[in-house]
Amino acid sequence: MASIEEIRSERIKKLEALRAEGINPYPNTANDTHSIKEALSQFVELQEKKEVVTLVGRVLSLRTHGALTFADIFDGTGKIQVYLKQDEMDASIYEAFGTYIDTSDFIEVTGVLFVTKRGQQSIELKSFRLLAKSLRPMPTEWFGIKDEDERYRKRYIDILLQEHLALQVRRRSVFWNTMRDFLLKRDFIEVETPVLENKTGGAEARPFITHHNALDIDLFLRISAGELWQKKLMVAGLPKTFEIGRIFRNEGMSYEHLQDYTQIEFYQAYSDFREGMKMVKELYREVAQKTFGTLEFTIGDFSIDLGAEWVEYDFCSLLKDAYGIDPREVSLEEVRAKLVEIKHKDAGDPALSLPRGVDALWKVLRKSIGGPGFLINVPVYLEPLAKKSETDARVVERFQIILAGSEMGKGFSELNDPLDQQERFLHQESLRNAGDDEAQMNDTDYVEALEYGMPPTFGFGISERLFSFLSNTSVREAQIFPLMRPRNEEEKEN
């Protein structure tokens with residue numbers, strides 16, 4: 001079997017031969033009359049009229065049997081067989097096709113549609129034109145790329161050869177556009193907020209740091225889709241806003257987590273978390289139905305029905321039942337003892353804070369909760385940006401979507417009391433000073449904005465993790481081009 005370099009060298013010779021004959025192997029335009037999908041949908045009518053059509057596409061396979069040659073071409077909308085019979089066409093065209101065309105080439109074929117004796121819908125080639133000469137052959141569609149690392153590095157080949165991945169890319173588009181349409185129909189406006197920030201806000205996460213050469217200052221890549229910026233727009237008198245954008249968190253990688261991903265956040269003035277629950281449930285159902293055509297999903301070991309009644313889970317009651325502690329009143333020493341008891345990896349961390357310890361206990365517990373449902377009544381110290389409950393000031397008006405043992409979105413009644421917000425930021429700052437680099441930064445500019453007055457507001461955010469969960473795959477697999485460590489030169493040669 002010829003090596004890749006041998007094949008590449010042979011194809012470069014063909015490239016040179018074409019140019020020597022005055023043929024441009026990379027012309028600027030194509031002259032197709034139909035997409036392959038259109039040709040197949042109108043096949044009977046076009047065949048009966050013996051209408052000459054021109055189709056374009058990539059050559060996926062080539063087969064020669066004596067004086068017959070068959071090629072399958074794919075244009076992104078569909079696949080069709082190209083049929084060449086030597087004694088029924090111009091001999092020079094048949095010879096040129098056999099000499100110059102290889103798998104992976106993009107070609108333009110002109111002819112009439114017909115059905116072969118074996119019942120295969122085909123186009124009988126009368127003439128062709130090379131649109132782009134490939135120098136490397138792709139793996140066959142039967143075997144594809146088996147090595148996972150190689151699949152991610154050559155995702156373009158993986159998507160080409162695996163229909164479910166191409167469908168996944170299309171579904172991602174439907175997923176985000178359904179959210180966009182859902183909000184636009186409700187008079188939300190789409191905004192863009194800064195990706196580079198002096199201070200990160202809107203989440204508890206470790207940021208990426210970069211340097212701005214022109215201003216000669218260090219900046220952070222944002223960790224939320226403009227949460228504090230969008231709430232400043234509430235101050236500015238814009239009552240409904242949303243943003244779909246990339247966010248960056250310099251944390252670990254797992255089945256559910258990556259460092260850069262897409263998230264949507266939206267904010268609605270004169271609303272609260274209870275109203276938000278109704279809206280979000282409607283949103284999830286609409287997104288699921290339009291993206292996947294169903295409300296019923298298998299996610300890991302869970303069977304989920306988004307159309308069923310959504311349950312409310314009380315955070316404090318769950319931790320009481322599981323661990324015998326009330327997270328509203330518990331001490332760090334009690335939490336650490338429980339972590340030791342369940343042999344949690346964070347039990348011996350000297351920098352462990354109360355919020356991180358309680359969150360660690362919760363994350364163990366949530367793995368058994370299928371949902372769909374809303375987790376409510378989280379202690380104040382776990383959410384520095386949400387309003388306190390009017391019935392229990394020890395908890396906040398926050399909910400998280402619980403789905404298949406994980407958190408799939410968070411919303412709350414936004415804190416609009418500037419003095420309370422400043423106090424909570426100062427507490428977060430003390431946690432950072434004690435070594436918690438995921439605690440939020442003290443954003444005095446945001447507090448100043450609140451001092452001008454912000455109306456009661458509901459806010460919500462959800463990342464592409466929801467898409468990966470509904471697809472029942474890892475968030476890495478569900479991304480189009482996941483980040484890869486660069487290869488060194490030796491690895492490239494091998």
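The structure is a predicted model. Salt bridges in the model number 41.

**Helix 11**

- Helix 11 spans residues 332–341, and its buried residues include Val335, Lys338 and Leu339.
- These three residues are on the same side of helix 11, because the arc they cover around the axis is only 100°.
- The packing partners of the buried residues of helix 11 are helix 10 (315–323) and helix 12.
- After helix 11 comes Lys343, which has a positive phi, near 60°.

- Arg222 and Glu243 form a salt bridge in which the closest N and O atoms are 2.9 Å apart.
- This pair links distant parts of the chain, with Glu243 in strand 10 (residues 240–248) and Arg222 in the loop between strand 9 and helix 8 (227–235), at a separation of 21 residues.
- Glu243 and Arg222 are both buried.
- A further salt bridge joins the side chains of Glu256 and Arg465, with an N to O distance of 2.7 Å.
- Here the two residues are 209 residues apart: Arg465 belongs to helix 15 (residues 465–470), whereas Glu256 is in the loop between strand 10 and strand 11 (260–269).
- Both Arg465 and Glu256 are buried.
- Arg366 and Glu407 are also joined by a salt bridge, their closest N and O atoms being 3.0 Å apart.
- Glu407 is buried, as is Arg366.

**Salt-bridge network**

- Six residues are connected by salt bridges into a network: Lys320, Asp326, Arg328, Glu329, Asp392 and Arg394.

- Three strands make up an open sheet in the order 7-9-8, and their pairing is antiparallel.
- Strand 7 (196–197) and strand 8 (209–212) are the edge strands, each of which pairs on one side only.
- Strand 7 and strand 9 (residues 217–221) run antiparallel and are joined by two bridges.
- Opposite Glu197 stands Phe220, a residue of strand 9.

- Thr473 is located in the loop between helix 15 and helix 16 (475–478).
- Thr473 counts as buried because its relative accessible area is 16%, and the cut-off for buried residues is under 20%.
- When neighbours within four places in sequence are left aside, the contacts of Thr473 are Gln168, Tyr255, Ser468 and Ala478.
- The C-alpha atoms of Thr473 and Tyr156 are 19 Å apart in space, while the two residues are separated by 317 residues in sequence.

How values were computed. Residues are numbered from 1 along each chain as its sequence is written. This is a predicted model: local features need pLDDT of at least 70, side-chain atom pairs count only at pLDDT 80 or more; totals for chains, interfaces and linings use all residues. Side-chain values use heavy atoms; hydrogens and water are left out. Two strands pair if DSSP finds at least two bridges between them. Helices (H or I, at least four residues) and strands (E, at least two) are DSSP runs, numbered from the N terminus. A salt bridge is a side-chain nitrogen of Lys or Arg within 4 Å of a carboxyl oxygen of Asp or Glu. Buried means under 20% relative accessible area, exposed over 50%, partly exposed in between (1.4 Å probe, protein chains only). The arc is that of the directions from the helix axis to the C-beta atoms. Contact means heavy atoms within 4.5 Å.
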